[in-house]
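Q: I would like to learn how to read this structure feature by feature. Could we look at it together?

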Amino acid sequence: MPTRFLNEEQILQGAPRMGPEDRFRFRCDAALDCFTHCCRDVSIVLTPYDIIRMKRALGIDSSEFLEKYTISPFTAEQKFPIILLRMEGESRRCPFVGEKGCGIYAGRPWACRMYPLGVAAPQNPNPADHAFHFLVREDLCHGHDLGEGCTVREWLDAQGIEEYDMMGAPYRDLTLHSFWDGGQPLTPEQVGMFHMACYDPDRFRRFVFETRFLTLFEVDEARVEALRKDDLELFEFGVQWLRFSLFREKTMKLRGSVLEARQK
Ligand code: SF4
Ligand code: SF4
């Protein structure tokens with residue numbers, strides 16, 4: 001069930017820091033009177049890997065998934081676009097919740113896997129002040145202090161979090177890049193590039209294969225073949241392309257003929 005957002009003050013005041021071997025007790029099942037209450041009126045930010053897993057679970061392409069089930073608010077304060085799961089109706093229910101619980105349980109997003117654990121990564125240079133977990137306690141959730149208990153590490157393993165963290169690393173590095181500290185807003189075209197490469201792999205694939213993209217960049221044949229089928233390969237490639245285009249990093253190589261034409 002979804003991890004809600006807490007600000008730094010709430011975390012440090014109300015929730016002790018937990019390490020991997022710290023234990024907690026929590027039970028979540030249909031016998032509880034709060035069953036599925038957490039799947040409504042909540043903001044769930046989706047990562048690129050969440051989108052890949054969810055569209056696969058639903059058997060649809062990423063463009064259809066984004067259109068049907070998400071919103072992408074973009075305010076003046078935001079540096080890059082984000083994707084939120086679209087809640088439905090007056091009670092703002094998640095579109096995937098049913099009487100038996102989550103309808104896409106195997107493909108549920110990171111935030112839903114983590115709950116009731118939160119994670120915080122202090123943004124300061126002190127090496128001792130590294131990321132920690134904490135328990136999110138909310139009145140609506142009655143699963144706390146029930147069941148046999150487990151360590152933080154056991155919970156994360158059972159929820160498959162390591163895979164999500166590993167697949168999410170390129171996105172994390174992209175969004176934490178020092179480029180964003182410069183304060184220069186993205187142009188509408190760059191916003192579109194970011195949205196497509198990070199969140200809409202099926203559209204990005206069409207862009208790569210159905211435009212002159214591959215005549216501009218050197219990409220070896222094995223990788224081109226992988227990009228045709230593999231969403232994760234495509235996502236990593238998309239991040240490279242964004243780093244090349246936005247940050248001016250040498251993560252892609254223009255073809256010699258393109259460079260010559262540019263010099264002329
Ligand atoms: S994706 Fe599943 S677990 Fe997450 S809020 Fe929706 S129904 Fe609940
Ligand atoms: S125990 Fe908490 S996480 Fe589980 S269904 Fe109830 S409110 Fe949701």
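Predicted model: local features only at pLDDT ≥ 70, side-chain atom pairs only at ≥ 80, totals over all residues.

Q: Let us start with a ligand. How many nonpolar, polar and charged residues are in the shell around ligand 1?

A: A shell can be read by sorting its residues into classes. Around ligand 1 there are 10 nonpolar residues, one charged residue and no polar ones. The shell holds 11 residues, and Cys39, Cys94, Val97, Cys102 and Cys112 are the closest.

Q: Which residues come nearest to ligand 2?

A: The nearest are Cys28, Cys34, Cys38, Cys141 and Gly143, out of 13 residues around ligand 2. By class, this shell has nine nonpolar and four polar residues, with no charged ones.

Q: Now the overall layout. Where do the domains of the protein run?

A: The domain assignment places domain 1 at 8-42 + 87-167, and domain 2 at 172-263. Their C-alpha centres are 33 Å apart.

Q: How do I read a pair of packed helices, say α8 and α12?

A: Two packed helices are described by the angle and the distance between their axes. Here α8 (residues 188-199) packs against α12 (residues 231-247) at about 160 degrees, and the axes lie 9 Å apart. Because angles over 145 degrees count as roughly antiparallel, α8 is roughly antiparallel to α12. The two helices cross with a left-handed sense.

Q: Which residues of α8 and α12 meet?

A: From α8 come Gln190, Met193, Phe194, Ala197 and Cys198, and they meet Gly238, Val239, Trp241, Leu242, Ser245 and Leu246 of α12. This contact has eight nonpolar and three polar residues, and no charged ones.

Q: Let us finish with the backbone. Which residues does a cis peptide bond join?

A: Omega is the angle to look at. The cis bond is between Tyr115 and Pro116, with omega about 15 degrees. Pro116 sits in the loop between α4 (110-114) and β7 (117-120).

Q: And what is the phi of Arg92?

A: Phi is near 50 degrees for Arg92, a positive value in a residue other than glycine. Arg92 belongs to the loop between β4 (83-85) and β5 (97-98).

Technical notes:
Residues numbered from 1 in each chain as written. Chains lettered and ligands numbered in written order. Near = placed C-beta within 6 Å. Nonpolar A, V, L, I, M, F, W, Y, C, P; charged D, E, K, R; others polar. Domains from an automatic or database assignment. Axes fitted to C-alpha atoms, helices over the stretch in contact; angles between N-to-C directions. Helix = DSSP H or I, 4+ residues; strand = E, 2+ residues; numbered from the N terminus. Parallel < 35°, antiparallel > 145°, perpendicular 65-115°, else oblique. Left-handed = near helix turned anticlockwise from the far one by under 90°. Contact = placed C-beta atoms within 7 Å.
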